[in-house]
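Have a look at the sequence and the model, and then let's walk through the pairs together.

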Amino acid sequence: MPQTLSCKDLDYREYQFAETMIFAIEEINNRTDILPNVILGYKIYDACGSVSLAIKVAMALMSGAGEAESSTLPCSQQSSIHAIIGQSGSSPTIGIATVVGQFNIPVISHFATCACLSNRRKFPTFFRTIPSDYYQSRALAQLVKHFGWTWVGTIRSDNDYGNSGMATFIQAAQLEGICIEYSEAIYRTNPREKFLKTVEIIKMASSKIVVAFTSVIDMEFLLKELVLQNVIGLQWVGSESWVSAINLANKETYSILKGSIGFSIANAEIPGLKEFLMKVKPTSTLGNDGLVEFWENIFDCTFNNSNSKMCTGKENLHEISNLYTDITELRITYNVYKAVYAVAYALHDVFTCLNNQGACLDIQRDTQPQQVLKYLKEVNFTMKNGDGINFDINGDPPARYELVNWQLSVNGIIDFVTVGLYDASLPNGKQFIMNNSIVWASDDKIPKSVCSESCPTGTRKAIQKGKPACCFDCIPCAEGEISNITDSIHCLKCPLDYKTNEQKDQCIMKDTEFLSYEEIMGKILIIFSLLGVFITLAVIAIFFKFRDTPIVKANNSELSFLLLFSLTLCFLCSLTFIGEPTEWSCMLRHTAFGITFVLCISCVLGKTIVVLMAFRATRPGSNIMKYFGPTQQRISVLIFTLIQAIICIIWLAESPPFPKKNMKSNKERIILECDIGSIIAFYAVLGYIGLLSVLCFVLAFLARKLPDKFNEAKFITFSMLVFCAVWITFIPSYISSPGKYTVAVEVFAILASSFGLLLCIFAPKCYLILLKPRKNSKKYLMGKMSLK
């Protein structure tokens, strides 16, 4: 059979809680404004932090087992217990509240913070004067986030307090973007190997922040191993259970816990408590077995007859300095004080029938625990220091915490300095207030604890495979994308007319590109275009001056002048391709090019046909020239040109060319160009020019060897060969040329083909006219004259 549990050792702080309860009860009994003519009694059991012992003593309290019989009052079968105050731990309190809740007896804890106890269905009679861990865990997550710590380790007590509190913290931390590197559970009864393993994990971890949601005793066991292995330099973030515990604060532990920070219950003063604690004596307080054990423990004596040092009961407590006599930190002790007063005010309301609810009761023995429970839910009073006491629907008080920091004072004493406040009743974003400087674990600088350094602007986070979300690589944004905030998850695409800067953190307007008049290439093309116009005009002037000479008259001077006029227009139409594309320039450049070139080729075709007809007209009996005289030549040129004009009119009416921004060809620049609109019309215009050119080339090629001193067909053949060669090579060059060079290639093709026609057809004639005037005669052209 398992052995009966028994308590061992003495916790001075817990004993201070017990004496504080006695002090509060005696204080109330001496007051006349609360429970007049009513004396409060009490019975204190030691559960030693054990769940089973806590349930056992709760049953004893309810049943009245072991109560001393009174000589003045008759015994009653009903228990006189109307409320239970305790315990300090969440797990024992859960055990008590589960059992006594079935009997409607209120349980008020001063130190049980597990959020699970707020469940009214499971614990309908539970109250507490300390806030729930529901708020503390979230406050700790906000605290960690406030200092930019996203990579932390966690330690928890392996009980209801630690497991529930840490589960809530992890849940809140994940919402804040905080990752947990490790999460270890410890308990006071664990073998030492377990604590050594936990310490090793802490030492090997890369995180510099440790969030410890542990009880004081569990933290004490862990600290022993941390001190032995000198694990220093870590920033500890603690729960209220240990972060303001005086018994943990000494020179040895300060090297480990220097700069520790965490939330604690607000400190308070209890007037008269110091004197009360110091005047207690075993001889004057009969029945207080705890005081006897306490006395024997601190003075190392005994009241029993033995060979040991005997206690007199007159020893001086003022000579003792321990957790019992220290009233500088009464954070939890004050909660015990408030719990007693809460029960007293509830009883007071029962007896005075507050708000006229229920039947008035005259004697104490008729009071039922459920009546105390009813009024305890509605209790609302103010302590002497102005602290308001009330409970919400779950039996919890308002959640207010002090942010305390472990600092070493000038005289070498470890102080829990209040550096901030947390009030859950305030609006979101205003609950956490910092008001003092903080001492950190090392170098007096805020420690840094991240799995991966922040991604700068221009990059995005990419989660490392198999690791938490806080561990990531920084990937540069793709071309055309930016990120203008640190730790960006996604890169944002720039609008089409924008590009990224070098840092890829800002979208900037793309440079526009088109063949401009101001740039060198544009100026060169303009010069050549104007040069072509000038040369053409010069040829016109020469032909006009020598219009009566045989060279000019030989191949229809009217077609020659019309051809020269069309070449002038060809040179001029190249200017429409230069400059920023507009709606009018786009329509003009393609249609003007198509019509002028057809007019030019029509004239050349007419001259070629004239050569062929003239040769056949020299044969006897031939009258073919009457079918292709000047009138027919004009009509043929007009018809050929009119067909192209009709195609262009249909083009402009249905789907004309228009300016557009080409953002696909070049990602760095916007190319301003003319969209051709209708592809069919565009190819019809080019195809028609190509058809006339091929026809002209074929006819001129057939007439190149006709017997004549000055056969113009040879020059037409060569000019059309140049024309076709230029436009055939133009196609691949046009397709492969980027940006504005596409337009430049097109202008070059227009100028090159125009110069080819001008020079090949008219240069030989001008040569004879100006430099060989003797050959400019009918006899020479007819082959009847030989020059020596």
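Which cysteine does a disulfide join to Cys-494? The partner is Cys-507, with an S to S distance of 1.9 Å. A disulfide here is a pair of cysteine sulfur atoms within 2.5 Å, and a search of the whole structure finds 8 of them. Please keep in mind that this is a predicted model, in which local features need pLDDT of at least 70 and side-chain atom pairs count only at pLDDT 80 or more, while totals for chains, interfaces and linings use all residues. Residues are numbered from 1 along each chain as its sequence is written, and side-chain values use heavy atoms, with hydrogens and water left out.

**The link of Cys-494 and Cys-507**
- The torsion about this S-S bond is about -90°, so the disulfide of Cys-494 and Cys-507 is left-handed.
- Cys-494 sits in the loop between S17 and strand S18 (498–500), and Cys-507 in strand S19 (residues 507–509), so the pair ties together parts that are 13 residues apart in sequence; strands (E, at least two residues) are DSSP runs, numbered from the N terminus.
- Cys-494 counts as buried at 12% relative accessibility, whereas Cys-507 is partly exposed at 22%; buried means under 20% relative accessible area, exposed over 50%, and partly exposed in between (1.4 Å probe, protein chains only).

**The link of Cys-179 and Cys-470**
- Cys-179 and Cys-470 are joined by a disulfide with an S to S distance of 2.1 Å.
- Strand S5 (residues 179–186) holds Cys-179, and the loop between strand S14 (459–463) and strand S15 (472–476) holds Cys-470, so the pair ties together parts that are 291 residues apart in sequence.
- This disulfide is right-handed because the torsion about the S-S bond of Cys-179 and Cys-470 is about 85°.
- Cys-179 and Cys-470 are both buried.

**The link of Cys-477 and Cys-491**
- A disulfide also joins Cys-477 to Cys-491, with 2.0 Å from S to S.
- Cys-477 belongs to the loop between S15 and strand S16 (481–482), and Cys-491 to the loop between S16 and strand S17 (492–493), so the pair ties together parts that are 14 residues apart in sequence.
- The link of Cys-477 and Cys-491 is left-handed, with -80° about the S-S bond.
- Cys-477 and Cys-491 are both buried.

**Two further cysteines**
- The closest cysteine sulfur to that of Cys-696 is in Cys-724, 8.5 Å away, which is too far for a bond.
- Cys-696 is buried, with a relative accessible area of 0%.
- Cys-766 counts as buried at 11% relative accessibility.

Terms used:
Helix = DSSP H or I, 4+ residues; strand = E, 2+ residues; numbered from the N terminus.
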